[in-house]
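Subject: The structure I promised you

Hi,

Have a look first, then read on for what turned up in it.

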Amino acid sequence: CVPIRQDVCWDLAHIHARTSYVKLKLRNFETPLPPSDINVLLETLRYNSYYTTLSMRDVKIEREMVSCLAATLRYNTSLTKLNLRGAGLNSLAIAQLTESLALNKNIALEFIDLSNNPIDDRGLLSLAGYIQHAAIRKLKRIELSGCMMTSKITPALGPALSSLSKSLEYLSLSNNKFLEGAPQLAEWLATPTEITHLMLSNIGCDLAPIVSSIGIGCHNLVMLDLSHNMIDKACGSELVEMIRRG
């Protein structure tokens, strides 16, 4: 039996319900929640239709919590935003979560942030497979910065992103090391997309193919972050020309 947390109940009744606050952010509670309390909250979200945002940013997600979160994502149909930034998720956890997401045919997710998790290429492979083959075409924002991604994942990442060409508006792949290049990413960027924000800071690869592709396919772009990358003179000139064209 889990003891009743009067402070959590008060927040939910007086702040969330009375103000129509639909974002469940676990770090907002005054007293940190232990894993047992978080598991209970996650279980209640399985069939909850009130909250549209779940943020577990910088909350250490332990193995049992991963199972509870996976069950929630298997059945929930109201969450549009999922923030798991810096939650300590590894490739096995991502595989478990994407497996549950794939079983939810009525998932409403539009935003997912998995940044700053040691997911590596194995976890990203699970995510890419889910995006490409699942019946989800609503994702507008994906944040995958600092996920230990390498060039090896780009053959799977390219087709996955192509399946979202008509919905994806914001993509962050910053602070990953594509040291051997990212040809499939460049190929996707050369096709017509809805991308408005593209974050590629500190990705450690030759930017020339990517910049050329952006100029071809990303006509809706309003923000481009290429900071902390080596840009040669030719690539820089192409960037300047692209900016001039607007």
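Let's start with a pair of helices. The crossing of α8 and α9 is left-handed. Keep in mind that this is a predicted model. Helix α8 covers residues 208-217 and helix α9 covers residues 233-245; the two pack at an angle of about 15°, and their axes are 10 Å apart. Since angles under 35 degrees count as roughly parallel, that makes α8 roughly parallel to α9.

Which residues of α8 and α9 meet? On the α8 side they are Ala208, Val211, Ser212, Ile214 and Gly215, and on the α9 side Cys235, Glu238, Leu239, Met242 and Arg245. Sorted by class, this contact of α8 with α9 has six nonpolar, two polar and two charged residues. If you wonder about the spacing along a helix, an α-helix has 3.6 residues a turn, so residues three or four places apart point the same way.

Now zoom out to the whole chain. It has 246 residues, and 49% of them count as buried. Its secondary structure comes to nine helices and eight strands. Take the contacts in the chain with a separation of 6 or more: 83% of them are between residues 24 or more positions apart.

Next, the inside. In soluble globular proteins, nonpolar side chains tend to be buried together. Here, the largest nonpolar core has 71 residues, and Met56, Leu89 and Ile210 are the ones with the most contacts inside it. The largest share, six residues, comes from α3.

What does Ile210 touch, leaving out residues up to four places away in sequence? Its partners are Leu185, Ala186, Leu189, Leu200, Ile203 and Cys205.

Helix α2 is worth a click as well. Its buried residues are Asp37, Ile38, Asn39, Leu41 and Leu42. Among the things covering them are β2 (53-55) and α3.

Val59 lies in the loop between β2 and α3. Is Val59 buried or exposed? At 12% relative accessibility, Val59 counts as buried, because the cut-off for buried is under 20%. Leaving aside neighbours within four places in sequence, Val59 is in contact with Leu26, Arg27, Ile38, Met65, Gly86 and Ala87. One of these, Ile38, is also among the buried residues of α2. Val59 and Gly88 are 29 residues apart in sequence, with 8.0 Å from C-alpha to C-alpha.

Ile107 is in the loop between α4 and β4 (111-113). It is buried, with a relative accessible area of 7%. Along the chain, Ile107 and Asn76 are 31 residues apart, while their C-alpha atoms are separated by 6.8 Å.

Ser145 sits in the loop between β5 (141-143) and α6. It counts as buried too, at 7% relative accessibility.

Cheers

Note on methods. Residues numbered from 1 in each chain as written. Predicted model: local features only at pLDDT ≥ 70, side-chain atom pairs only at ≥ 80, totals over all residues. Heavy atoms only, no water. Axes fitted to C-alpha atoms, helices over the stretch in contact; angles between N-to-C directions. Helix = DSSP H or I, 4+ residues; strand = E, 2+ residues; numbered from the N terminus. Parallel < 35°, antiparallel > 145°, perpendicular 65-115°, else oblique. Left-handed = near helix turned anticlockwise from the far one by under 90°. Contact = heavy atoms within 4.5 Å. Nonpolar A, V, L, I, M, F, W, Y, C, P; charged D, E, K, R; others polar. Core = buried A, V, L, I, M, F, W, Y, C linked by side-chain atoms within 4.5 Å. Buried < 20%, exposed > 50% of the residue type's maximum accessible area, 1.4 Å probe, protein only.
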